[in-house]
Amino acid sequence: MALVAAGAALFLVAAWFDLRDIMLLAAVGLAMPVASLGFLAVRAPRLAVTRAFEPHVVRAGESAAVRLRVQNRDRRAFDGAHWRDLAHPALHPPGEAVLPAIGRHETAMPSGDDTVRLEYRLRTPRRGVFDVGPLRIAVTDPFGLARLDRAAGLPRELVVTPRVTPLEPAAGVVASVDGAVHALQRRTHPNSDELIAREYRYGDPLRRVHWAATARRGELMVREEEQRGDPEVRILLDTALGGRAHHPSSAARDAGSTLDPAFELGVELAASIGVHLLENGFRVRVEPVDDPDDPAAPISADPGGYRAAGGDLVLLEDLARLEPPRRDGPAAPTRDRPRDPSRVASPSTARRDTRMPGIAVLVAPSHAAVDALVALRPVLEPAIAFAADGIAADAVERLEHADWRVVPVRRAADLPAAWGEAWRSARESVRSGGRDAT
């Protein structure tokens with residue numbers, strides 16, 4: 001702009017005083033910006049970009065390698081440009097760098113001269129799902145008067161899962177309400193009592209013939225393993241934070257400048273517990289704490305929960321996509337409403353053999369969420385609640401009165417000790433006939 005203004009001024013002066021030499025300088029000053037824009041129009045990049053991550057899913061606190069394949073789609077060679085990959089500020093993407101020269105596009109017998117490969121690393125200090133890309137290409141004219149920025153390629157999601165704290169392996173057995181211990185080895189290696197006999201069908205191998213049942217029935221019978229479900233654990237995660245007076249601004253959180261440490265701690269606790277149970281052979285259901293005043297979106301798309309074979313990876317990815325409550329300013333006050341009986345199992349109709357272990361991870365539950373946990377207590381055994389610092393004292397008192405074992409956890413490093421102590425207390429309570437262990 002300064003060169004155009006100077007050229008226009010010189011042109012007016014030369015025209016007024018009839019100075020032809022100055023007129024030539026004014027013409028050059030006006031023509032150079034136009035020539036620069038024309039050069040950039042001709043040199044506009046035509047690039048195809050593909051992006052890959054290694055690993056494709058990374059854990060918070062680690063780093064991921066980003067590999068770019070940039071191919072020139074133009075018939076002319078492309079050089080003299082700079083590149084910068086766009087990403088969320090929390091990932092600390094690298095700055096602008098020189099793009100190596102790329103040969104013209106090759107259609108027949110390609111030699112690879114039309115392609116360059118770039119690589120850099122991204123730090124992932126926090127969990128989440130982040131868009132990486134597109135690739136920003138900057139081209140300047142030979143005089144440095146104009147600059148053209150073009151986006152090449154499409155962004156791709158980088159999944160950063162929560163940190164996982166290893167837990168005590170000895171806590172891999174769960175005591176049920178009737179005092180029986182579900183040993184996982186029995187689930188993995190069926191014994192003779194877990195085999196059933198059925199009539200022979202065409203194509204059944206003869207090695208599976210059940211001779212004792214054949215003798216009793218007088219017809220050919222074969223052995224078949226009974227389909228038994230994995231032992232199940234229910235994890236209830238406080239995602240609504242209804243007991244909190246204020247919430248961080250959604251705009252600030254989107255900008256990456258605000259994190260909720262208590263909420264992140266709750267997600268990390270749920271991830272550590274869920275992965276530990278899945279590694280020990282349990283089927284895990286992770287659900288938000290039921291709050292009718294502030295319903296939360298389901299954590300998992302599969303209502304059947306997570307299973308041991310690959311379920312830990314699916315669980316971590318679902319937790320990586322979990323978002324804090326998106327409110328600006330004060331939280332909405334909770335109101336007393338009649339509860340929908342279909343959403344909570346009725347204590348009077350709950351059968352003893354349908355009880356399952358229940359683990360709650362609480363950050364700042366509302367009164368309605370605490371009511372839901374109290375109502376669920378008769379169908380959970382044992383019932384353990386890991387509570388962050390944000391939980392109110394009256395909520396702890398109500399949960400303990402309903403026979404929940406509330407274990408405070410200030411940071412993720414405290415979870416292994418709290419986990420082991422909670423399960424030892426639960427087993428002692430079962431052996432003592434349901435009374436609290438001393």
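The following questions and answers concern a predicted model.

Reader: What distance apart are the end C-alpha atoms of helix α6, and what span should its residues give?
Author: Helix α6 covers residues 261-279, a stretch of 19 residues. At 1.5 Å a residue, these should span 27 Å. The end C-alpha atoms agree with that expectation, since their separation is also 27 Å.

Reader: Is α6 largely enclosed by the rest of the structure or largely open, and how many of its residues are buried?
Author: A residue is counted as buried when its relative accessible area is under 20%. Helix α6 is largely enclosed by the rest of the structure, because the buried residues among its 19 number 16.

Reader: Which residue with a positive phi follows α6?
Author: Beyond the helix comes a residue whose phi is near 95 degrees, a positive value. That residue is Gly281.

Reader: Which strands are the edge strands of the open sheet?
Author: The sheet has 5 strands with parallel pairing, in the order β16-β14-β18-β19-β20. An edge strand here pairs on one side only. The edge strands are therefore β16 (283-288) and β20 (405-408).

Reader: Which residue of β19 is the bridge partner of Gly358?
Author: Strands β18 (residues 356-362) and β19 (residues 380-387) run parallel and are joined by 6 bridges. Within β19, the partner of Gly358 is Ala383.

Reader: How many charged residues are in the lining of the largest cavity?
Author: The largest cavity holds about 50 Å³ of space. Its lining includes Arg43, Arg46, Asp74 and Arg76, alongside residues such as Val42 and Phe78. By class, the lining has 5 nonpolar residues and 1 polar residue, and the charged residues number 4.

Technical notes
Residues numbered from 1 in each chain as written. Predicted model: local features only at pLDDT ≥ 70, side-chain atom pairs only at ≥ 80, totals over all residues. Heavy atoms only, no water. Helix = DSSP H or I, 4+ residues; strand = E, 2+ residues; numbered from the N terminus. Expected span 1.5 Å × (residues − 1). Buried < 20%, exposed > 50% of the residue type's maximum accessible area, 1.4 Å probe, protein only. 1 Å grid on protein atoms, 1.4 Å probe; cavity = no way out; pocket = protein on both sides within 12 Å on 5 of 7 lines; lining within 4 Å. Points joined across faces, edges and corners; volume = space filled by probe spheres on them. Nonpolar A, V, L, I, M, F, W, Y, C, P; charged D, E, K, R; others polar. Pairing = 2+ DSSP bridges.
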